[in-house]
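Welcome, and thanks for opening the viewer.

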Amino acid sequence: MRTNDGLTRAGDAVTVVQGEEELFRRVGHLFATVTDLACAANDLATWVADRRSDEVPEPAERRAGDLRIRKIYRSGVLLDSVSAQELARRRDRFGAQIRITTEDLNETIIMDGRVVILAGDLIAGQRGYSVITQPETVQGVISLYETAWRSATDLAVFDARVSEIRQLAPAVLDLLGSGVKDEAAARSLGLGVRTYRRRVAELMAALGAESRFQAGVRARELGLV
């Protein structure tokens, strides 16, 4: 059912909004009062609330001792040094707990264990978002999030793990995309073939990719190539 405010409702417990700006208008005020925030995202630009966080930092900083923030990001975000630095800044600014996973993520925000926001697919440059308050559904999403949280790795540990391959990542991705054979690619980077292949394997693991082709796709999604 579509209401007069332009939202689509599925019962009283689910509200579907179109686009990130509409999402922020709908729930942005909650970021100023939330005391327990959990988020799963594939990259730093996914949530408009993150990009517009400067609009709500003062209340959050005043409640720094009472505010719990947990975020899970997909590992490929660390291959970009600027993104890695931004994650560390967010962690230090708000005392956020940040973990990294190589698994696919269903992009999610959970507020105070009562409100869940699920991101839909990107269609014609715009996403739909489901804002859910139905208790049983919220608890189900929380259970999935907690499982992902337990299996993820702390940001500092994972960042140290990928710091060495971060320097080579752009060149390796470019070589993979060009279809250059391993022997020639290794020579161009001044590496042995075994070392090059190990770096490729490490890069694929950081991207959560099972094939070189998938690594290229995910690198493009993250803006690394």
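A residue counts as buried when its relative accessible area is under 20%, as exposed when that area is over 50%, and as partly exposed in between. Keep those cut-offs in mind as you go, and remember that this is a predicted model.

**Stop one: Arg 74 and Asp 104**

Select Arg 74, in strand β4. Is Arg 74 buried or exposed? Its relative accessibility is 6%, so Arg 74 counts as buried. Asp 104 sits in the loop between β5 (97–101) and β6 (108–111), and the pair links distant parts of the chain, 30 residues apart.

**Stop two: Arg 68 and Asp 36**

Stay with strand β4, which covers residues 68–74, and select Arg 68. Which residue forms a salt bridge with Arg 68? The partner is Asp 36, and the closest N and O atoms are 3.2 Å apart. Here strand β4 is linked to strand β3 (residues 36–41), across 32 residues of the chain. Arg 68 has a relative accessible area of 35%, which makes it partly exposed, and Asp 36, at 24%, is also partly exposed.

**Stop three: Glu 107 and Arg 127**

Return to the loop between β5 and β6 and pick Glu 107. At 5% relative accessibility, Glu 107 is buried. Its salt-bridge partner is Arg 127, with the closest N and O atoms 2.5 Å apart. Because Arg 127 belongs to strand β8 (residues 126–132), this pair ties together parts that are 20 residues apart in sequence. Arg 127 itself is partly exposed, at 21%.

**Stop four: a network**

Next, select Asp 182, Glu 183, Arg 197 and Arg 212 together: salt bridges that share partners join them into one network. How many salt bridges does the structure hold? The count is 12.

**Stop five: the second largest pocket**

Finish at the second largest pocket, which holds about 290 Å³ of space. To find its centre, select Leu 105, Asn 106, Leu 144, Tyr 145 and Ala 148, which lie nearest to it among the 14 lining residues. Then show helix α5 (residues 135–151), which gives the largest share of the lining, 5 residues. If you colour the lining by class, you will find 8 nonpolar, 4 polar and 2 charged residues.

Conventions:
Residues are numbered from 1 along each chain as its sequence is written. This is a predicted model: local features need pLDDT of at least 70, side-chain atom pairs count only at pLDDT 80 or more; totals for chains, interfaces and linings use all residues. Side-chain values use heavy atoms; hydrogens and water are left out. A salt bridge is a side-chain nitrogen of Lys or Arg within 4 Å of a carboxyl oxygen of Asp or Glu. Helices (H or I, at least four residues) and strands (E, at least two) are DSSP runs, numbered from the N terminus. Buried means under 20% relative accessible area, exposed over 50%, partly exposed in between (1.4 Å probe, protein chains only). On a 1 Å grid over the protein atoms alone, a cavity is a set of points where a 1.4 Å probe fits but cannot get out, and a pocket is an open set with protein on both sides within 12 Å along at least five of seven lines; lining residues have an atom within 4 Å of a point. Grid points are joined across faces, edges and corners, and a volume is the space filled by probe spheres set on the points. Ala, Val, Leu, Ile, Met, Phe, Trp, Tyr, Cys and Pro count as nonpolar, Asp, Glu, Lys and Arg as charged, and the others, Gly among them, as polar.
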